[in-house]
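Open the model in your viewer and follow the stops below. Each one says what to select next and what is there.

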Amino acid sequence: WSDVYTVADEEGVLVVGANEGSVSALGGYLQGGGHSPLSPMFGLAVDNLLSLELVDAQGDIRRLDACGNNPDLFWAVRGGGGASWGVITKGTFALHRKVSMLNAVESIAVENKAALGNFLQFAMNWVANITREHNGKLAMYFPVIPYGNGTRSSFKIMFHGSVEEYHKAIRPLKKYVVECSFCSWTTYLVEEVSTFTAWQRFGSAPSNTGKTSSSHFVPANQFQSPAIRKKIADVIKAIVTNKAEFYMIKVGGGVVPGFDADSKWTSISPGYRKAVFLAVATRKIDIRTDNQSSVDAAFRLVTKVVDPLRKMFPESGSYWNECDFNEKDWSASFWGRKNYARLQRIKSSVDPEGFFQCRYCVEAAKSTSSRHGVFAGSFLLALNVALVNYFLL
């Protein structure tokens, strides 16, 4: 996406894409739905995808759009998960006029575990208020990371409003932290920016280690309940107490719920549209040095600590791109049962033998092929076919 953003900046426009510029513009990010800091204002990446070109399982190049060129397959690709449908070679996205953007990076340290529960409960109440008052004007990445005897939360916000409005919105949380005996607040950056690339300043640094992850959507309507927010705060505390990391990804709301509420145009989980944020638990692993039992334990841990959210919100589902390796009832979780049934029918039509597949790829309705070890070879074969066809045209 960094290449796309560079051109968009030069042309004075915005395009909805990944927070991290290193993410592929036409790969799993897009096909999984694609959340962005710009989503509350302009929708998800799949909402902004107008057409694409794809090499299918038979090696044929297809043009896809919603206007008569393979509309069913276009619907499937817009949220039906990467690695399932073919090799995308070209995509056309909607462009948007520039809007006011404020880039803010703040950090909160909680030095005492005894203070953590009260802080998290207050933070969840603040999140409920700020998302209600600034629903379409706010995107936020809010981590809670174990650190020493407490936690660190260096969070990043995109805010469509003035610096004064931002400080007013952040004031209740800052006041709580400043008055907390075991807490501290640091402001790294609050600035108005004119390009998305400028907003990416102070983003996450590259890492040589991997992470396990498990995620679940928190529905906006239930999050308005103080009792539910208290339970979520308890879940977050349990996550970090177990030495896992928590990330709140608030990139929904705004126009996202109404963009495609009935899944007419996109195949993502209906829970995605209804969510106030995506809750993610991660645990660092390093496959170069960690033994297999440690890696397996990390996978089991993130599943365990997110399970309470699954029980609280059984219909909300999870996000395909930040999913649990051991996700139970994965097809319903990632797409909903109605969407998955339609995805299976489309898969049966365009790839009945399961040429493209992965662990959690959509299966053809009566597929008997193995789910493992096929995709890499299929991808290279289809890519070679695409290149041959391209040079023959």
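This is a predicted model. Colour the chain by confidence to begin: the protein averages a pLDDT of 91, and 91% of the residues score at least 70. Now select residues 368-393, where the pLDDT is below 50. Beyond near neighbours in sequence, this stretch has 34 contacts in the model.

**A pair of helices**

Select residues 113-133, helix H5, together with residues 163-179, helix H6. Their axes lie 9 Å apart, and the helices pack at an angle of about 170°. Because of that angle, H5 is roughly antiparallel to H6.

Show the side chains where they meet. From H5, pick Asn118, Phe119, Phe122, Ala123, Trp126 and Ile130. From H6, pick Ala169, Ile170, Pro172, Leu173, Tyr176 and Val177. How do the residues of this contact divide by class? There are 11 nonpolar, 1 polar and no charged.

**The second largest pocket**

Move on to Pro314, Glu315, Ser316, Gly317 and Ala332. Of the 32 residues that line the second largest pocket, these lie nearest its centre. The volume of this pocket is about 640 Å³.

Which element gives the largest share of the lining? Select H14 (337-350): it supplies 5 residues.

Finish by colouring the lining by class: 7 residues are nonpolar, 13 polar and 12 charged.

Key:
Residues are numbered from 1 along each chain as its sequence is written. This is a predicted model: local features need pLDDT of at least 70, side-chain atom pairs count only at pLDDT 80 or more; totals for chains, interfaces and linings use all residues. Side-chain values use heavy atoms; hydrogens and water are left out. On a 1 Å grid over the protein atoms alone, a cavity is a set of points where a 1.4 Å probe fits but cannot get out, and a pocket is an open set with protein on both sides within 12 Å along at least five of seven lines; lining residues have an atom within 4 Å of a point. Grid points are joined across faces, edges and corners, and a volume is the space filled by probe spheres set on the points. Helices (H or I, at least four residues) and strands (E, at least two) are DSSP runs, numbered from the N terminus. Ala, Val, Leu, Ile, Met, Phe, Trp, Tyr, Cys and Pro count as nonpolar, Asp, Glu, Lys and Arg as charged, and the others, Gly among them, as polar. pLDDT is the predictor's confidence in each residue, from 0 to 100. Contact means heavy atoms within 4.5 Å. Axes are lines fitted to C-alpha atoms, for helices over the stretch in contact, and angles run from 0 to 180 degrees between N-to-C directions. Angles under 35 degrees count as roughly parallel, over 145 as roughly antiparallel, 65 to 115 as roughly perpendicular and the rest as oblique.
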